Amino acid sequence: MRALLGFFATGPDRPVTADAAAVDAAYRRYRIRVMLAITLGYGLIYTCRLALGVVKKPLIDAGVFSPAELGHIGSALFYTYAIGKLTNGFLADHANIRRALAITFLLTALCNLTMGFVTSVWMAVLVWGLNGWFQSFGAPGGVVAMTAWFSNRERGRAYGVWSTAHSIGEGLTFLVVGSLVGWLGWQAGFFGPGLIGIATAAGVWFLLQDRPQTLGLPPVNDWKGDHYGEKPKADPRSVLAQQLHILKLPAIWVLCLASATTYVTRYAINSWGVLYLQEARGYSLAMAGTLLMVSTVAGIVGAISFGLLSDKLFQSRRPPANLLFGVLELIGMLLIFFGPNSVPLLLLGMVLFGAGMTGLVTSLGGLFAVDIAPKRVAGAAMGVIGIFSYVGAALQEHVSGMLIDRGMTMVDGVRHYDFGPVIWFWIAASVVSMVLAATLWRTRLRD
């Protein structure tokens, strides 16, 4: 066990021996590689998390699982992800991110390959739950790498770029994995992401690096001359003491609840959006996947825009941007669920929802917490927010699956769905999230 922990632990700091030119060259080279690894790597590995949402209708139609059973399976991932994001968030602050991310990505890929052979509900719950645990290192690991290699005043923009990973993964899932399922059946919906995950783990191992200090480089804030918002003296407390201090910040707890309700709506669309578009709107699997892919492309713009707007227009204040993006997301939902069954209007709704939701996930799901927590414990801040976020997502799976199951009837051998109750549940969650986020209007960057 000691050897295993030692393998995953971050390396010791090395003295800076290179001259300024060599340090500059190393930082420029490694920062590009790090951003590619945490953004594209996390985006690609996302397909291993969302595969179940694409195969729900084929599984229901084949009689393999019912909507309620799929709710149990889907929630297993979110519960283990929630717990894992908290524990792994704390561990990420101590970890060699290159090794930890590459190996957990490989393990989540193996879980997807295994799911292609599983037809037992409780075996699926076990395997998909393990998948959630391995997936849970991705976000805190990425944020720890980002804060180690990008300075304070770059944080919003870097976080915005990294947050496009969510949309990249969602788009690939809805388009590529959806196409595989349409051509080859539901098992391909797990085999495809599994193979993608193996390739991603290899790429992350090649591109990513441990902290700059372990390579004999100065801390990034020293290199950039960027000590904005930092205390004049280093915090004398241990890393663990700083991590525990996060739990005393009232704003963190409000963010936990705001993020949890945001994730209800986020994963409602990710998990059940394809089924809704097929059954309520009458679109094919390919068309439903394309519409949702439009939402994810808009999400890329939303994530980058949130970082730029909040950094530049609002002087690194997140609450005004939260309100703006929350309104966009809510208008998009109203168009998707209550607008005419018109492709142009649905596309507009998807664009507004995708941009607004991804902006909120960028902020409430991590950036705001990283702003108000000490930089050295960014992983712990992500972990605390993460456990609430994914408990919200897990409860959503249970409630949504139950409401959809209750609204499903068979008429002459054809399934009919009443999505009304579940839609109002999703919209209510968005409104609650906006209200909670607005209570943090005066909260500012601390250190």
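Me: Which domains does the domain assignment of the chain give?
Reply: The assignment gives domain 1 (18-222) and domain 2 (240-446). Keep in mind that this is a predicted model.

Me: How many residues of domain 1 are in contact with domain 2?
Reply: 55 residues of domain 1 are in contact, and they meet 57 residues of domain 2. Contact here means heavy atoms within 4.5 Å. The C-alpha centres of domain 1 and domain 2 lie 19 Å apart.

Me: What describes two packed helices?
Reply: The angle between their axes and the distance between the axes. Take helix H2 (residues 20-45) and helix H10 (residues 188-207): their axes come within 9 Å and cross at roughly 165°.

Me: Why is H2 called roughly antiparallel to H10?
Reply: Angles over 145 degrees count as roughly antiparallel. The crossing is at roughly 165°. Therefore H2 is roughly antiparallel to H10.

Me: Which hand does the crossing of H2 and H10 have, left or right?
Reply: The crossing of H2 and H10 is left-handed.

Me: Which residues in H2 meet which residues in H10?
Reply: H2 brings Arg-33, Leu-36, Ala-37, Gly-41, Leu-44 and Ile-45. H10 brings Ile-196, Gly-197, Thr-200, Val-204, Phe-206 and Leu-207. By class, this contact of H2 with H10 has eight nonpolar, three polar and one charged residues.

Me: What makes Gln-209 count as buried?
Reply: Buried means under 20% relative accessible area. Gln-209 has 16% relative accessibility, so it counts as buried.

Me: Where is Gln-209, and what is it in contact with?
Reply: Gln-209 sits in the loop between H10 and helix H11 (220-224). Leaving aside neighbours within four places in sequence, Gln-209 is in contact with Tyr-30, Arg-33, Val-34, Arg-98, Trp-149 and Leu-215. Arg-33 is also one of the H2 residues that meet H10.

Me: Why is helix H3 called largely enclosed by the rest of the structure?
Reply: H3 (residues 47-54) has eight residues, and eight of the eight are buried, so the helix is largely enclosed. Among them are Cys-48, Arg-49 and Leu-50.

Me: Why does Leu-367 count as buried?
Reply: The cut-off for buried is under 20%. Leu-367 has 0% relative accessibility, so it counts as buried. Leu-367 is found in helix H16 (residues 343-372).

Me: What is Leu-367 in contact with, leaving aside its neighbours within four places in sequence?
Reply: Leu-367 is in contact with Arg-155, Gly-156, Tyr-159, Phe-306, Arg-318 and Thr-362.

Me: How many residues apart in sequence are Leu-367 and Gly-307, and how far apart in space?
Reply: Leu-367 and Gly-307 are 60 residues apart in sequence. C-alpha to C-alpha, Leu-367 and Gly-307 are 9.0 Å apart in space.

Conventions:
Residues are numbered from 1 along each chain as its sequence is written. This is a predicted model: local features need pLDDT of at least 70, side-chain atom pairs count only at pLDDT 80 or more; totals for chains, interfaces and linings use all residues. Side-chain values use heavy atoms; hydrogens and water are left out. Axes are lines fitted to C-alpha atoms, for helices over the stretch in contact, and angles run from 0 to 180 degrees between N-to-C directions. Helices (H or I, at least four residues) and strands (E, at least two) are DSSP runs, numbered from the N terminus. Angles under 35 degrees count as roughly parallel, over 145 as roughly antiparallel, 65 to 115 as roughly perpendicular and the rest as oblique. A crossing is left-handed if the near helix is turned anticlockwise from the far one by less than a right angle, and right-handed if clockwise. Ala, Val, Leu, Ile, Met, Phe, Trp, Tyr, Cys and Pro count as nonpolar, Asp, Glu, Lys and Arg as charged, and the others, Gly among them, as polar. Buried means under 20% relative accessible area, exposed over 50%, partly exposed in between (1.4 Å probe, protein chains only). Domain bounds come from an automatic or database domain assignment.
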